[in-house]
Amino acid sequence: MHNHNDIDMKNFLYAKDLGDLRKALDEAMEIKKDRFKYVELGKNKTALLVFFNNSLRTRLSTQKAALNLGMNVIVLDVNAGAWKLETERGVIMDGDKSEHLLEAIPVMASYCDVIGIRSFAGLTDREYDYAETVYNQFVKYSGKPVFAMETATVHPLQAFADLITIEEHKTVKRPKVVLTWAPHPRCLPQAVPNSFAEWMNEADVDFVITHPKGYELDPMFAGDAKVEYDQMKAFEGADFIYAKNWSCPGVTEPDKYGKILEDYHNLLDWTVSERQMAVTNNGKFMHCLPVRRNMIVTDDVIESKNSLVIPEAANREISATVVLKRILEGIK
Ligand code: CP
């Protein structure tokens with residue numbers, strides 16, 4: 001299959017894997033107009049979607065994207081019906097894990113042409129998570145194109161859908177986009193904010209990150225983005241507010257990696273409400289979902305006319321269709 005794009009995409013983890021983001025956005029808009037335009041591309045090709053963790057949007061939108069391209073789809077929930085998988089080499093397997101990933105990966109690969117992986121961060125071993133150990137084992141041992149459906153450190157299908165959504169709803173050429181930390185009762189990975197920061201740094205936007213001290217994202221993703229610790233100041237004049245909780249990335253203090261640094265009850269003024277939205281430039285509200293209401297965002301804001309959470313989720317079908325199309329074009 002001839003590849004019409006500027007790079008030969010095999011795997012998908014980072015923004016750079018898509019090449020020119022402007023071209024990728026144009027392709028997204030083309031697919032949005034006719035999502036079955038490339039229905040012949042995936043004929044007799046099979047996508048295997050492997051989930052180590054729960055999902056609603058990624059599960060449905062990625063299957064729909066594969067169907068848009070005429071592909072067959074197999075979905076495997078590793079923790080519901082398959083053998084429990086050991087992921088680390090050298091472990092004496094006398095526990096509850098019956099199969100090792102090193103056998104399971106080539107077996108899975110023998111039944112498909114493309115593999116999508118959802119494997120969240122364990123949040124206990126920063127080095128293991130930030131090396132993308134599970135994802136990279138799939139790349140190394142499958143011999144097939146592998147794309148991230150949220151891995152230990154990134155969620156590029158989400159970030160691409162977010163970028164498409166911003167492109168569709170911006171009212172100025174270079175909008176101000178603010179990524180804000182918001183409270184949550186549980187320790188969450190950094191994958192969504194990492195990818196959002198990485199992609200916004202590549203996009204034509206004025207990007208600001210705001211969070212309490214100690215939650216600084218890894219420079220690999222935050223890049224040169226402006227960090228403003230005063231949330232109200234960060235929100236001033238913003239065109240888009242992107243809310244998300246994340247646990248401590250452990251950049252300067254690795255022993256705090258994956259932890260909540262302060263009881264969330266003390267930080268409830270970080271919940272996005274009309275109070276903060278009032279200082280924005282009629283700002284639009286975004287969140288990747290699932291979201292805990294009145295923890296991350298108030299009912300009023302998420303239900304307001306400025307909330308983009310539903311079109312944002314709908315764009316997951318479009319981002320996944322572009323990514324799978326690019327991968328199919330790269331399969332010789
Ligand atoms: N945003 C997102 O990835 O949603 P799911 O976890 O439901 O797939």
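Helices and strands here are DSSP runs, numbered from the N terminus: a helix is a run of H or I with at least four residues, and a strand is a run of E with at least two. The model you are looking at is predicted, so local features need pLDDT of at least 70 and side-chain atom pairs count only at pLDDT 80 or more, while totals for chains, interfaces and linings use all residues. Residues are numbered from 1 along each chain as its sequence is written, and side-chain values use heavy atoms, with hydrogens and water left out.

Let's stay with valine 205 for a moment. Valine 205 counts as buried because its relative accessibility is 7%; buried means under 20% relative accessible area, exposed means over 50%, and partly exposed is in between (1.4 Å probe, protein chains only). Which residues does valine 205 touch, leaving aside its neighbours within four places in sequence? They are Arg174, Pro175, Val177 and Met200, where contact means heavy atoms within 4.5 Å. Arginine 174 is 31 residues away along the chain, yet its C-alpha atom is separated from that of valine 205 by 4.8 Å.

Two strands pair if DSSP finds at least two bridges between them. On that basis, five strands form an open sheet with parallel pairing, in the order 9-8-7-10-11. Strand 9 (226-227) and strand 11 (284-286) are at the edges with a single partner strand each, so one side of each has no neighbour in the sheet. Inside the order, strand 7 (residues 176-181) and strand 8 (residues 206-210) run parallel and are joined by five bridges. Helix 7 (residues 191-202) lies across strand 7, strand 8 and strand 10 (240-244), at about 155° to strand 8. For angles like this one, axes are lines fitted to C-alpha atoms, for helices over the stretch in contact, and the angles run from 0 to 180 degrees between N-to-C directions.

Four strands make an open sheet with parallel pairing, in the order 2-1-5-6. Strand 2 and strand 6 (146-148) are its edge strands, and each pairs on one side only. From one strand to the next, the twist averages 20°. Strand 1 (residues 46-51) runs parallel to strand 2 (residues 72-77), with six bridges joining them, and leucine 49 stands opposite valine 75. Five bridges join strand 1 to strand 5, also in parallel, and there leucine 48 has isoleucine 115 as its bridge partner.

Where do the side chains of strand 1 point? In a regular strand, side chains alternate between the two faces of the sheet. Here Thr46, Leu48 and Val50 point one way, Ala47, Leu49 and Phe51 point the other way, and all are buried.

Two packed helices are described by the angle between their axes and the distance between the axes. Helix 1 (residues 21-33) packs against helix 12 (residues 309-330) at about 115°, with the axes 9 Å apart. That makes helix 1 roughly perpendicular to helix 12; angles under 35 degrees count as roughly parallel, over 145 as roughly antiparallel, 65 to 115 as roughly perpendicular and the rest as oblique. Helix 1 makes the contact with residues including Ala24, Ala28 and Ile31, and helix 12 with residues including Ile318 and Val322.

Most residues other than glycine have a negative phi, and most peptide bonds are trans. Leucine 123, in the loop between strand 5 (114-118) and helix 4 (126-130), has a positive phi near 65°, and leucine 123 counts as buried at 13% relative accessibility. Glutamate 132 has a positive phi too, about 50°. You'll find glutamate 132 in the loop between helix 4 and helix 5 (133-142), buried with a relative accessible area of 3%. The peptide bond from leucine 289 to proline 290 is cis, with omega near 0°, and proline 290 is in the loop between strand 11 and helix 11 (299-302).
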